[in-house]
Amino acid sequence: MKKRIVSGFLAFALMLGLLTGCTKGTGTSNPESGSSAVGEASVSTDSSDMSTKKVGICLYEDNDIFMSKYCEELVEYLLANGFTSDNIKISDSYNNRYVQINQVKDYLTQGVDVLIINPVDADAARTITDLASEAQVPLVYVNREPDAVEEIRWEDYDLDVTYVGCDARQSGIYQGELLLDAGLETLDLNGNGSLEYYMIEGDQGNIDARYRTQYSVSVLENAGWSLNCLFDAVGNWNTDNAKQLVARALDEQPGVEVVICNNDAMALGAIDAITEHGLTPGKDVFVIGVDALEEALSKIEDGSMLGTVFNDFIAQSHAAADATMNFIKGVANEHYISCEYVKTTKENAQEILEIIK
Ligand code: BGC
């Protein structure tokens, strides 16, 4: 899909400015409400005609590298399926649940056919589900999975609410397996029989961050590895934060062998810090992430990054758009629509690059 429509979309997207940050070309950037008028929810006689249908999208934070790629792909796919750019509204929630809830209220007041929400947190999700179901507007959550209590509610009350995303446990397990595959004899640079590592986490309370942190390590523990965590800090998914944290850790807690990062944006920051410290990433310290960002893939190819886990934003965004169209056509969705992560090393980095380019 991505490849088939890319040239036509590119011209269109450049015209709209969609590729320069997802919220810039469509919605509004008013931090208070962050949404703009979309008119009344539409009534169409042809259920497969999407040209009059209105979608309200909220991103927890537009300034998130992975989410902005995700959103570009989502918009591209919606346009390719007949939605018009005027009817696709995107709001940046600035990682603030109150801003996000207000944006949803605005969308509902103005009239949208479906909401696609990348929730700031589980509390925001609870309120948003209440608002959307009261207004009888179907809801597609993406990327940040609401909690189990919330998901049971969709089932119990038969709500038109679904979550599209991957199981974050799998990404943590794959990170652990990447390290297992590399072998303790390779990673244990000081030869003391245990792995000295730093953990750089996403944001506190986020399920992806929690599971990746937990499972990457438990896979190694279960394999009988001896581990020594020298440093563990929250980098909020952000390259600069991670760079600063790792720079500090290298000064205060030297002797690290592996830096495990909850995402690639932070892995790239870790690599910068390691290099600026006068060490060679891939030789003196090994780094792994999650996402398979283009820049991370080239670092894997040149040996400065050990590996990553492909977080398939193409499959996820297309599935979210397909669920949206199902709701519009009156077709029910499963409450949980899953996708698979892919372990990524030098061996398949080129293959993944072909998919995401
Ligand atoms: C991605 C991160 C991103 C986060 C946002 C995760 O699945 O791996 O890169 O920052 O989602 O919620």
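How many disulfides does a search of the whole structure find? The search finds one, a disulfide being a pair of cysteine sulfur atoms within 2.5 Å. The structure is a predicted model, in which local features need pLDDT of at least 70 and side-chain atom pairs count only at pLDDT 80 or more, while totals for chains, interfaces and linings use all residues. Residues are numbered from 1 along each chain as its sequence is written, and side-chain values use heavy atoms, with hydrogens and water left out.

The protein has 13 helices and twelve strands; these are DSSP runs numbered from the N terminus, helices being H or I of at least four residues and strands being E of at least two. Of its 357 residues, 55% count as buried. Here buried means under 20% relative accessible area, exposed means over 50%, and partly exposed is in between, with a 1.4 Å probe and protein chains only. Contact is defined as heavy atoms within 4.5 Å. Among contacts between residues at least 6 apart in sequence, 75% join residues at least 24 apart.

The disulfide joins Cys-166 to Cys-339, with an S to S distance of 2.5 Å. Cys-166 lies in strand β5 (residues 161-166) and Cys-339 in strand β11 (residues 336-339), so the bond ties together parts that are 173 residues apart in sequence. Cys-166 is buried, at a relative accessible area of 4%, and Cys-339 is buried as well, at 14%. Two other cysteines can be described by their accessibility. Cys-261 is buried, with a relative accessible area of 0%, whereas Cys-229 counts as partly exposed at 36%.

An open sheet is formed by four strands in the order β7-β6-β8-β9, with parallel pairing; two strands pair if DSSP finds at least two bridges between them. Its edge strands are β7 (226-234) and β9 (286-288), each of which pairs on one side only. From one strand to the next, the twist averages 20°. Angles run from 0 to 180 degrees between N-to-C directions, and axes are lines fitted to C-alpha atoms, for helices over the stretch in contact. Helix α6 (residues 168-182) lies across β8 (258-261) and β9, running at about 160° to β8.

Strand β6 (residues 194-201) runs parallel to β7 and is joined to it by eight bridges. Ser-194 stands opposite Ser-226 in β7, and the bridge partner of Met-199 in β7 is Asp-232. Strand β6 is mostly covered, eight of its eight residues being buried. In a regular strand the side chains alternate between the two faces of the sheet. In β6 both faces are covered: one side carries Ser-194, Glu-196, Tyr-198 and Ile-200, the other Leu-195, Tyr-197, Met-199 and Glu-201, and all are buried.

Tyr-197, found in β6, is buried with a relative accessible area of 9%. Not counting residues up to four places away in sequence, Tyr-197 touches Val-217, Leu-227, Asn-228, Cys-229, Leu-230, Phe-231, Val-256, Val-258 and Ile-260. Tyr-197 and Gly-255 are 58 residues apart in sequence and 8.6 Å apart in space, C-alpha to C-alpha. Ile-200, also in β6, counts as buried at 0% relative accessibility. With residues up to four places away in sequence again left out, the residues touched by Ile-200 include Phe-231, Ala-233, Leu-245, Val-259, Cys-261 and Met-266. A separation of 10.0 Å is found between the C-alpha atoms of Ile-200 and Lys-243, which are 43 residues apart along the chain.

The ligand is surrounded by Tyr-60, Asp-64, Phe-66, Asn-143, Arg-144, Asp-208, Arg-212, Trp-237, Asn-263, Asp-291 and Asn-311, a residue being near a molecule if one of its heavy atoms lies within 4 Å of it. In the side chain of Asp-208, an N or O atom is 2.7 Å from a ligand oxygen atom. For Asp-291, the distance from a side-chain N or O atom to an oxygen atom of the ligand is 2.5 Å.

Methods:
A polar contact is a pair of N or O atoms within 3.5 Å; within protein, one must be able to donate a hydrogen and the other to accept it, and residues adjacent in sequence count only if both atoms are side-chain atoms.
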